[in-house]
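Student: Hey, could you walk me through this structure before I set anything up?
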Amino acid sequence: MAETRSPHVAKKVEHAMHMFGDVRVDNYYWLRDDSRCNPDMLSYLRAENEYTDSVMSGTKQFENQLFAEIRGRIKEDDISAPLRKGPYYYYKKNSQGKEYVQHCRRLVADNKAEPSVHDTMPTGPDAPPEHIILDENLKAQEHGYYRIGTFKTSPDHKLVAYAEDTKGDEIYAVHVIDSESLKPVGQPLKGVTCYIQWAGDDALVYVTMDEILRPDKVWLHKLGTEQSSDVCLYHEKDDMFSLDLHASESHQYIFVASESKTTRFVFSLDVSNPQDGLRVLTPRVDGIDSSVSHRGNHFFIQRRSSEFYNSEVVACSVDDTSKTTVLIPHRESVKIQEIQLFRDHLAVFEREQGLQKITVHRLPAEGQPLNGLQAGRCVSFVDPVYKADSTESEFSSSVLRFCYSSLKTPPSVYDYDMDSGTSAIKKIDIVLGGFDASNYVTERKWVSAADGTQIPMSIVYNKNLAKLDGSDPCMLYGYGSYEISVDPYFKTSRLSLLDRGFIYVIAHVRGGGEMGRQWYENGKLLKKKNTFTDFIACAESLIELKYCSKEKLCVEGRSAGGLLMGAVLNMRPDLFKVVVAGVPFVDALTTMLDPTIPLTTSEWEEWGDPRKEEYYFYMKSYSPVDNVTAQNYPNILVTAGLNDPRVMYSEPAKFVAKLREMKTDNNLLLFKCELGAGHFSKSGRFEKLQEDAFKFAFMMKVLDMIPASV
């Protein structure tokens, strides 16, 4: 497909980088401007955006039609499944035509009754009235970008603290308001993260970042006092570590964790005596990762080490944390993802053979000895591949709430009675536009990687349209980093592909967490290339199994998945027709050599520290910008966000500039940089759908699937 008008050519300014006797020349290094004000850089980004608009102008009508179709599936006026907390039901509400949510609550009519899976929030004229605590739509009117990172009610429900980001740079202001009158309480906390917790009803614990955006200090703020007089509870000086914060389900402790990619240790703060400061709960031991929960007179600790790589669960007395009792031993085939504690139960979210499971154990009464666990009860699921995640539940109840979806099942919220084993569906997202789940088939296939490892793929297609003879268009998605699991989830916009005959596939490649901790270990550092070769094996297998052909294969990855796209583009450009790289981490070596860039220092345990020769040359061998060569490339769409603190906009910008200089084909190469957004693109719910419509229009333009009448 020939390009209609010539793209902008970036100027070249030679920048030589020397290391270990090796010289790399980066002619586009000048595109990095940390102030994001350089006129030459901004005019280059605008020129690329204008070129993208001009190439896609002929399909704008089709893109708009796709957007209307995607938006038309959404029930615009809707509420989340109300969660009973204390005397209230809390929920979020979307309204017709509105981009953002309202945070609401209603009184529970009979607060004496124990929470049950059969509870429903009354909404009729006789029901307690709805109270809107925060309307994000009103707040967002003053800003081009608006995101609430955290919304937390005080234990007595009288106050609310929320964190807002108005740029997309993930630097927040925390506001406290009276939950009834909505009046502000004190001055907002400025320049903080969205990690905030209530320490009782009149104090907040929060985290701030250093100049490389590393969460490094935790503070105690007494309401009504100046931020400048807040007490620093802990300062993590090691730049490989970042701080995290969470409250125990019992609300009696706040846990402050300091974590690297391999080590995590925890302090506790007694909420009833915050002035006593932090107490060491699990010691700092290299290679040991611990997370803590609390109930009664015990701490429950999920602990991982090189020996117990899939984690074990142990308990210790609140008064003596040095003596532990094993509750769930380490198992080679089952990874413990997280635990959720209740007054009488322990819910364990696990992963076996790449699939999630939830096991519930009854606990002895509080105060009784805790010598072990009774056999657990498993929650059963219906789809062959699915996603099941924890969500907030009420500690003092026997009701476990979880979220469920699959490639063909819309997101659903279930309440599960941990005593009886019965569950009740509290909400299933309504999909308009004639959606019928029975039209879709989900499958799981295993692929042999280059070294013989079996890689799982999750597949979905419309059984009435897919021919399965090699002629179908296919979209293959991959990520494969940070031990993150890309579970087979539902997405309404994807129906616009499936209902045009696309087959959609997720490749669960190494570097992710789908198959346990070792799956991750075998796709990082000096084994990173397994992520790329696994993905290539999945693509080749789809062609061999007649799900598609090279001429119909589209692939996509975002962020670290964008690194995956850049790597496979250079390795096997012949294998794909379309590549979509979203906010891609493509200048890996140069970024990892610069400790002043946000995230770099903490990332050395993921990619390696290239200041060491072995890592330098290994990373150089796959870093996408360093491996662009004079060869034919497929059709490529690259996106970026100017304010992105996670992947600097200059990485994709350099990648595109170098591809333009080197590639020997006439295929499309488009770069779309949002000048007012960060890593997670635009902030409104419909604005995000516009990006899907654009991406799909690009793919279908290349595949020649756009009807002539449009």
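Student: Great. What kind of model is it?
Tutor: It is a predicted model.

Student: Okay, and how many helices and strands are there in the protein?
Tutor: The protein has 12 helices and 39 strands. Its radius of gyration is 26 Å, close to the 27 Å from the globule rule for 710 residues, so the protein is as compact as a globular protein of that length.

Student: And what does the C-alpha trace span along its principal axes?
Tutor: About 70 × 60 × 55 Å.

Student: How much of the chain counts as buried?
Tutor: Of the 710 residues, 57% are buried. Looking at contacts with a separation of 6 or more, 59% come from residues 24 or more positions apart.

Student: Let's zoom in on α1. Where is it, and how far does it reach?
Tutor: Helix α1 covers residues 39–56, which is 18 residues. From first C-alpha to last it reaches 25 Å, close to the 26 Å expected at 1.5 Å a residue.

Student: Which residues in α1 are buried?
Tutor: Among them are Met41, Leu42, Tyr44, Leu45, Tyr51, Val55 and Met56. Glu48 and Asn49 are buried too.

Student: What covers the buried residues of α1?
Tutor: The cover includes α2 (60–71), α11 (650–662), β39 (669–674) and α12 (685–702).

Conventions: Residues are numbered from 1 along each chain as its sequence is written. This is a predicted model: local features need pLDDT of at least 70, side-chain atom pairs count only at pLDDT 80 or more; totals for chains, interfaces and linings use all residues. Side-chain values use heavy atoms; hydrogens and water are left out. Helices (H or I, at least four residues) and strands (E, at least two) are DSSP runs, numbered from the N terminus. The radius of gyration is taken over C-alpha atoms; the globule rule is 2.2 Å times the number of residues to the power 0.38. Buried means under 20% relative accessible area, exposed over 50%, partly exposed in between (1.4 Å probe, protein chains only). Contact means heavy atoms within 4.5 Å. The expected span of a helix is 1.5 Å times one less than its number of residues.
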